[in-house]
Amino acid sequence: MAPASSAPPRPLWLLAELTYSCPLQCPYCSNPLSLGGRKPELDTADWLRVLAEARALGAAQLGLSGGEPLLRRDLETIVSRARSLGFYTNLITSGVGLDAERIAALKQAGLDHIQVSFQADEAELNDRLAGSVSFAHKREVARLVKAAGYPMVLNVVMHRLNLDRTREILDMALELGADYVELANTQYYGWALVNRDWLLPSKAQLARAEAVAHAYQARHGERMKVYFVVPDYFEGRPKPCMNGWGRVFLAVAPDGSALPCHAAADLPGLDLPNVREHALDWIWHESPAFNFFRGEAWMQAPCSGCDERAGCFGGCRCQAWLLTGDAAAADPACDKSPDHHLIRAARAAAAARGASLSPLMRNRRNAVALGVAASPGSR
């Protein structure tokens, strides 16, 4: 598809995926299903150049993610450079590898924000989902983050295996002194799609959990902000993916691939540009990949004639591809889509499954290939 005729808006948010390596093996992991054949990870100099180019483009918020970004020994150097450029920096971490000493080093480097993830509110379920004995360490990290003067921000990925513990999860957050809690329901890409039949909740289960979240919002809203993100599969309308393709969001993968959204690496027909070969200015403004689904020219029915298209931008291109084989199709999460029956069928299949952990596929092959140890002290 030809590049958009009008100049795109500037990116506001840069997600720096610093490494594929991770000490956990969560069944909803966003790591690629296969890491074979990928280029080596960017080195420190590459990342410092990427930060400068992104800031020059207008990016103001920086997410430091992975994998597990704490596995990068140059993390403090990257944070320091980002701070000097004027970024607001957010470390998105499992907490594994974080201790008081490293928190102090990151604070000294200028880190603004730390988000710690949990899998559940109690050790057995948390550790079974994470594929690692990590729950006790996560609790300690949460306390250390609070003690260091950071806002306490907890993230819990929700699904059928932990949604019935929403109340207990929020009680844990209160106990830990959380300022913000994001209950982010699983979106079904990558490993989450592989495990969808065992992760996708029932509609009734989701409604119960959402009601609990709303009750805590009403009761504890002044003390702790609670955000409950409903999965696309149950909303009837797709979310505006990344607020539109190539509009505000720019990700750089560990191998240097520049992505308009997290899952775009697997879309067919996209020749993803790499920051080793192109400047971010060219990537954002000129590359075919970032212009492929900008605007509305790519849309087909029913999106092209829908009066809601300016709000949802046609939904998620990656979800459309994964479910229909056509990245330009209407997102099947939309009940106007002719393929919405695929969502209904997935919900029915999931409802027929038991809530057993045993069938879940792990991303252990990636972890083994990367040589990552599943232990709280891993760095």
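Which residues make the nonpolar surface patch of about 240 Å²? In this predicted model, the patch comes from Leu33, Val194 and Met361. Leu33 sits in the loop that runs between β1 (13-17) and α1 (44-57), and with a relative accessibility of 41% it falls into the partly exposed class.

As for confidence, the chain comes out with an average pLDDT of 89, and 91% of the residues score at least 70.

Another loop, the one between β7 (225-229) and β8 (249-252), holds Asp232. Asp232 is buried, its relative accessible area being 4%. Setting aside neighbours within four places in sequence, Asp232 touches Gln187, Lys239, Gln319 and Ala333.

Then there are the cysteines. The disulfide count is 0, with the cut-off for a sulfur pair set at 2.5 Å. For Cys318, the closest cysteine sulfur belongs to Cys261 at 3.3 Å, so the pair is too far apart for a bond. Cys306 has its closest cysteine sulfur in Cys312, and because the distance is 6.1 Å, this pair is too far apart for a bond as well. Cys318 counts as buried at 2% relative accessibility, and Cys306 is buried too, with a relative accessible area of 14%.

Note on methods: Residues are numbered from 1 along each chain as its sequence is written. This is a predicted model: local features need pLDDT of at least 70, side-chain atom pairs count only at pLDDT 80 or more; totals for chains, interfaces and linings use all residues. Side-chain values use heavy atoms; hydrogens and water are left out. pLDDT is the predictor's confidence in each residue, from 0 to 100. Patches are made of residues with over 30% relative accessible area and no salt bridge: like charges are joined within 9 Å, nonpolar side chains (Val, Leu, Ile, Met, Phe, Trp, Tyr) within 5 Å. Accessible areas come from the Shrake-Rupley method with a 1.4 Å probe; for residues, only the protein chains shown count as cover. A salt bridge is a side-chain nitrogen of Lys or Arg within 4 Å of a carboxyl oxygen of Asp or Glu. Helices (H or I, at least four residues) and strands (E, at least two) are DSSP runs, numbered from the N terminus. Buried means under 20% relative accessible area, exposed over 50%, partly exposed in between (1.4 Å probe, protein chains only). Contact means heavy atoms within 4.5 Å.
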